[in-house]
Amino acid sequence: MAVGVSIQHRLFSRKTSLIYCIPRKIALNGVCIQRVGERQNVRASTNAAGENQHSEKYCLNLVRSRDYEGFLSCLLLPEEARRSSLALRAFNVELAQVKDSVSQKTIGLMRMQFWKTAIEEIYRDDPPNQPVSTELWKAVKTHGLTKRWLMRIVTEREKDLDDRAYKNLQELEKYSENTQSSLLYLLLECLGVKNVHADHAASHIGKAQGIATCLRATPYNSSRRKVYLPMDICMLHGASQEDFIRGSREKNVRDVVFDIASQAHVHLEHARSFSHNVPAAATPAFLPTLAFDGNPSTVHPSSHRDSWFHSW
């Protein structure tokens with residue numbers, strides 16, 4: 001009898017042990033699954049952080065190498081606007097370098113179409129897996145940037161692929177408004193500035209920048225046997241494209257440069273007229289104007305002498 005009880009006791013003990021083991025094994029498996037899930041989440045977070053840093057660094061390096069004046073200006077912006085401003089300038093650089101980096105207009109049009117599609121996807125919260133697009137999407141989400149300004153920059157750059165001189169000064173001004181001024185409108189949005197006087201100032205500053213940039217690029221373009229200066233001004237002073245390609249410094253060439261620079265100066269003066277009505281928060285968006293001189297008496301507009309910006 002005692003032996004039977006002992007055997008039953010042992011069997012009962014084994015069953016009990018088995019019963020207790022089952023939930024423990026299940027629990028252990030659950031813990032393992034949970035830990036695997038945690039590791040995957042950590043890896044995903046790490047990858048996301050890595051991609052985040054990569055896209056930010058890509059934009060920073062692109063702007064620093066291709067738009068150094070814009071890069072320096074971005075460093076002086078408030079921290080909350082700095083990253084978005086770099087994204088905008090990187091976007092502008094990407095578009096600006098298309099014209100010089102393609103051998104055929106068709107290829108350039110394809111790249112412009114990519115950016116048009118990218119902007120549409122950015123505003124659908126589905127940006128392409130490309131560093132500038134990623135950063136631009138973050139800027140749009142953070143500051144609610146206006147889609148129209150981004151599209152206008154792409155559309156105007158696309159038209160510029162025709163690779164011809166501007167017919168007249170007004171055509172150059174329109175190009176500058178649609179590219180440089182549009183960029184300034186977006187930078188003002190990054191700074192949280194919504195002010196009609198700031199917009200008017202940005203419009204004139206953008207035109208002045210576009211005109212000055214056209215002048216500053218003339219030696220480089222001439223070395224490639226390309227001249228984009230307004231034809232009406234060149235014809236007025238009897239200066240041919242060949243004069244610029246040869247690097248002539250005759251009076252007629254200097255007169256062309258003077259007249260074009262004078263128009264940039266006029267726009268800067270218009271921008272100055274809004275200085276008392278423009279909020280102080282808008283001032284950082286106009287820092288790039290320090291890179292060129294508003295004085296039309298200088299042939300090279302990139303001089304830093306007597307910058308107009310001191311009055312802001």
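Of the 312 residues in the protein, 45% are buried (under 20% relative accessible area with a 1.4 Å probe, protein chains only). This is a predicted model, in which local features need pLDDT of at least 70 and side-chain atom pairs count only at pLDDT 80 or more, while totals for chains, interfaces and linings use all residues. Residues are numbered from 1 along each chain as its sequence is written, and side-chain values use heavy atoms, leaving out hydrogens and water.

**Exercise 1.** Find what share of the contacts in the protein between residues at least 6 apart in sequence joins residues at least 24 apart.

Solution. Contact means heavy atoms within 4.5 Å. With that cut-off, the share is 67%.

**Exercise 2.** Describe how helices α9 and α13 are arranged.

Solution. Begin with the axes, which are lines fitted to C-alpha atoms over the stretch in contact, with angles from 0 to 180 degrees between N-to-C directions. Those of α9 (residues 196–216) and α13 (residues 251–272) come within 8 Å and cross at roughly 160°. The two helices are therefore roughly antiparallel, a label for angles over 145 degrees. Next, look at who makes the contact: Ile205 and Ile211 are among the residues from α9, and Ile260 and Leu268 are among those from α13. Finally, sort the contact residues: 11 are nonpolar, four polar and one charged.

Conventions:
Buried means under 20% relative accessible area, exposed over 50%, partly exposed in between (1.4 Å probe, protein chains only). Helices (H or I, at least four residues) and strands (E, at least two) are DSSP runs, numbered from the N terminus. Angles under 35 degrees count as roughly parallel, over 145 as roughly antiparallel, 65 to 115 as roughly perpendicular and the rest as oblique. Ala, Val, Leu, Ile, Met, Phe, Trp, Tyr, Cys and Pro count as nonpolar, Asp, Glu, Lys and Arg as charged, and the others, Gly among them, as polar.
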